[in-house]
Amino acid sequence: MKNSISTIAIFAVSIFAFTISSCKKHDMDDMNHDAGHTMLNINYPAAYVVNGVSNNISVIKLSDNTVSETISLNGATFPHHIYINPAKTKLAVAITATDLSGGHAGHSGATAGLKVQIIDVVTGMIDKEISLAKLPHNAIFNNSGTELWIGQMDTIQSQVLIYKTSDWTLQNTINVGKGLSEVTFSNDGTMAFACNTMDGTVTLIDANSKMIHTTLTVGTDPVGAWSASNGKMYVDNEMSQTVSEISVSGMNVTSTINLGFKPGYVAYHTASGELWVSDATNGKVVYYTIVGGVWTLQGNISTGADAHAIAFNSDGTKAYITNQGSGNVSVIDVATHTVSQTISVGSKPNGIAIKE
């Protein structure tokens, strides 16, 4: 009898210990979304380049423009654009599970593997994964870093989802147009711009009230409205090969630039007053200035096949261009408009974010 009781007691303790151990492991799995990834130490100024086909992020050390680290994405496929929060502590990467390198229009989107990953800028660890039902072209932090705005592409009614960054709970859902691509903010952070690619429109949303101000007609297949310090937003219209200039305060289209090539991205350089547009058709960056009140072509810089995203460093002396077709990043000296260096990264690099 005594032996039987001892055996039962030991068995009960073993079951209890196994249960506690299992619960602890489950909690760890919930918290650690990147258990197999090696912790890094990116404690220096860096550019983070998303490689859409390699399914990782190349980290470029800005002091010597060399690839210093590679961040894995926990099995995610076709990452797209990347944004950094205002505190320069977190990155948000949209996982599209769809190759968007040929253009953004006409994608109904994958049905599985759609998510946004939140990554620590120093360790490279994935802090959070937000699973999504529809394709997210990007995820972007608001100007205070308290919210993460995510576009959900749909062929009938797209939506903008707004998450609270303190606990990652969904706070708002805003209905916009068809085929939503990028969601971006004005330079002052007061207004969000949702590019409805299939509608040829841009929806303007008040960043505080979350109310829609208006929806503007732009060109064919608008992809992103890119912010500028001059109080304007610049929309790259892929199919019509134009850029639409929108006044943030006036909430109207103030100019249309006819390009003659498919744009990949638009960036405004504050000190020079130049508007840079990546020429995805010819592998160049083309730059314009205002002459007589009109955006006028000033020159171009050959970079690499399918030139895409443009990012200036903090002092505006260098520009970094991702070239999707050639698997590299061009470093441009802004003053001389020449390529000073070409950095090999992964396959189909698209989005880029800079931490300084």
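Is Tyr234 buried or exposed, and what is its relative accessible area? Tyr234 is buried, with a relative accessible area of 1%; buried here means under 20% relative accessible area, exposed means over 50%, and partly exposed lies in between (1.4 Å probe, protein chains only).

A word on the basis of these notes: this is a predicted model, in which local features need pLDDT of at least 70 and side-chain atom pairs count only at pLDDT 80 or more, while totals for chains, interfaces and linings use all residues. Residues are numbered from 1 along each chain as its sequence is written, and side-chain values use heavy atoms, with hydrogens and water left out.

1. Four strands make an open sheet in the order 20-21-22-23, and their pairing is antiparallel. Strands are DSSP runs of E with at least two residues, numbered from the N terminus, and two of them pair if DSSP finds at least two bridges between them. At the edges are strand 20 (263-269) and strand 23 (294-302), each of which pairs on one side only. From one strand to the next, the twist averages 25 degrees, with axes taken as lines fitted to C-alpha atoms and angles running from 0 to 180 degrees between N-to-C directions.

2. Now to one pairing inside that sheet. Strand 21 (residues 274-279) and strand 22 (residues 284-291) run antiparallel and are joined by five bridges. Asp279 stands opposite Lys284 in strand 22.

3. Next, the aromatic rings. Rings of Phe, Tyr and Trp (its six-membered ring) pair if their centres lie within 6.5 Å; planes under 30 degrees apart count as stacked, over 60 as edge-to-face and the rest as tilted. The count comes to five aromatic pairs. One of them is edge-to-face, because the rings of Tyr234 and Trp295 have their planes at 85 degrees, with centres 6.0 Å apart. This pair links distant parts of the chain, with Tyr234 in strand 17 (residues 232-237) and Trp295 in strand 23, 61 residues apart. Trp295 is buried too, at a relative accessible area of 10%.

4. Another pair is worth a look on your screen. The rings of Trp276 and Tyr287 have centres 6.2 Å apart and planes at 35 degrees, so this pair is tilted. Trp276 belongs to strand 21 and Tyr287 to strand 22, so the pair ties together parts 11 residues apart in sequence. Trp276 is buried at 0% relative accessibility, and Tyr287 is buried at 11%. Together with Phe312, Trp276 and Tyr287 form one aromatic cluster.
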